[in-house]
Amino acid sequence: MTLEDALQQALNGLSFGALLFILAAGLSLIFGMMDVVNLAHGAFYMLGAYVALSVTRATGSFWAALVVAPLALAALGLLVEPLLLRRLRGRHLDQVLITIGLSLVIADFIRLRDDWGWGATVRSLPFPAGLDRSVAIAGSDYPTYRLFVIAFGAGLALLLYVLHRRTRIGALVRAGVGDAEMLSALGVDTDRLFTVTFAIGAGLAGLAGVVAAPVFGLQPGMDVDALIYSLIVVVVGGLGSLSGAVAGSAVVGPADTFGKVLVPQFALALIFAIMALVLLFRPTGLLGRVRIGR
Amino acid sequence: MSRSTRIRAAIVLAVWVALATFPEWSVAWESSRFAAGIIRQILIFAIFASSLNLLVGYAGLPSLGHAAFFGGGAYAAAIVAQRLGTDELLVSLGAAVAGAALLALVVGYLAVRAVGIFFLMLTLALAQMVFAIAFQATDLTGGSNGFSGVHRPVLLGIDFNAANDLYLLVCAVALLVALLLWRLATSSYGRALVGVRENERRMRALGYDTRTLKLSAFVLAGALAGVAGALSAYEFRFVSPNDVALGTSVAGFVMVLIGGAGTLVGPIVGAAVVLSIERVLPSQLPAQMVLGIVFIAFVVFARQGLVGAVRRAVRA
């Protein structure tokens, strides 16, 4: 591998990592607050991508989709949390099981909507105008859209950090993650807080779906892929914290990308090996606060 | 044997004989062959779901990666039979059990460190790795095309190629597995697993090595799932990556929960319900969506499953 190739792959790894961050941030946020691993997260990601496909077709603008799809998924989250999850408050495993059922329903719904241009065939979303070119970096061409993904992921991480540390809702989230029961005793409406958290998490999954769609396309099975990758990221980085999602995606994104180039047969084995090592030697994940293993 | 055990044994035997002779007494029906095919598949998945129930229902280990051992067993049976050029049942079934148990040992070694939701996450992710291997090792497994041309087995010169003969084989294996699980559930080992589910710390305090206990249950459940996988390979003469995929793990979990986790009959009932939705309902109905909605309804309103609900109704 030449130096130019290495640089290209490093950029690919960074852009994949940025995407994984958007995906894992939502999963981690919901877990941190509600102790629920949302297994419909991949289905939300997939639905976000398909909503983006429809919005782009209708308006001709990717940027409209980038706004509408996450909002649509957040709205779905606003419905799902009070209708389904709230009934089972305290029964964390059952809440997780409900999200499995939900993911079956969403994936089948997408498969059946041939009439909306969704369905079971592979679809693609074109790169947005202005980001469909390549720029010369270190002697070779690099697609601008991937650079945009890196910048977008970094910007989002910064935004989430500021929201988390400097705003009232961020303070409420931090308090809720620490001790939701105490927060409730202090007079905060935790039901509403949980609903909003779940909606933000679902919106982030939808956002990841939109951003990923031009790169990876839209097809059945993308929900499972997204779910598995986001689970690996949160296990490696640590569940329930923003910095954990950053650390996990910064490790898994480049590791997966370089693995696919250097040892194509064992690329998946590589990231699973990283996960296994983290589990054995650092059961909380790199920066987590929750012990996953013992 | 106590009186209630004898009554139960008599009921099990009567139901089994009725099932095993189904192709004979239903022969006049128009759809007898189709129904017998469905029953074969229900029994195969009942074995799969029952093995998962050992983890979910008894040991309290919610595994969402059980398809790894079902598919792993199916691939092991198909590949070993083909490479050795033999149709001997004991060879391919033995390969399935050994392969699935070994796989379960590796996955379980990592997964039993975690509890509850984390156990579920880990089994899901690790099983997905098995899926990825099955998908990528094209030379061995046929990759995305699957492994076709699996032969139906022979045992001591008896050929199980014809549908009715395969039917008897599946019935016999299902009975053996059911009896094994029944024996296990009432043994001190089964009680110890329930103890781990109810209060793992107390079991440790009582001197049980709970991690080894959980790992042994995981390996045993994996081996039994491998048996189901081998039967599935004979049934369809085909093994596909789908057999290892998340969808199959989810299907097993749904069967256990709908039927009733922690009961011996529950997973069998669950397998019948799920396969009826998937194979018998009119094909224009969205099966996965129906399944998802039914599953959610059971989690919210009848977490104890069909068998649990009936028991509760009988007691009340």
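The model is predicted: local features need pLDDT of at least 70, side-chain atom pairs count only at pLDDT 80 or more, and totals for chains, interfaces and linings use all residues. Residues are numbered from 1 along each chain as its sequence is written, while chains are lettered from A and ligands numbered from 1 in the order in which they are written.

**Fold of chain A**

- Chain A comprises 10 helices and two strands, where helices (H or I, at least four residues) and strands (E, at least two) are DSSP runs numbered from the N terminus.
- The order of its elements from the N terminus is α-α-α-α-β-β-α-α-α-α-α-α.
- Chain A is as compact as a globular protein of its length, because its radius of gyration of 19 Å is close to the 19 Å given by the globule rule for 294 residues; the radius is taken over C-alpha atoms, and the rule is 2.2 Å times the number of residues to the power 0.38.
- Of the 294 residues in chain A, 51% are buried (20 or more other C-beta atoms within 10 Å of the residue's own; 12 or fewer is exposed, in between is partly exposed, and C-beta atoms are placed from the backbone).

**Contact between chains A and B**

- Chain A contributes 34 residues to the contact and chain B contributes 28 residues; two residues are in contact if their C-beta atoms, placed from the backbone, lie within 7 Å.
- On the side of chain A that touches chain B, helix 4 supplies the largest share, 15 residues.
- This side of chain A has 26 nonpolar, four polar and four charged residues, with Ala, Val, Leu, Ile, Met, Phe, Trp, Tyr, Cys and Pro counted as nonpolar, Asp, Glu, Lys and Arg as charged, and the others, Gly among them, as polar.

- Not counting residues up to four places away in sequence, Leu23(A) touches Tyr45(A), Ala205(A), Ala208(A), Ala226(A), Tyr229(A) and Ser230(A).

**Positive phi**

- Most residues other than glycine have a negative phi.
- Asp35(A), not a glycine, has a positive phi of about 60 degrees and is found in the loop between helix 1 and helix 2 (41-59) of chain A.
- Arg237(B) has a positive phi near 55 degrees and lies in the loop between helix 11 (210-236) and strand 4 (238-239) of chain B.
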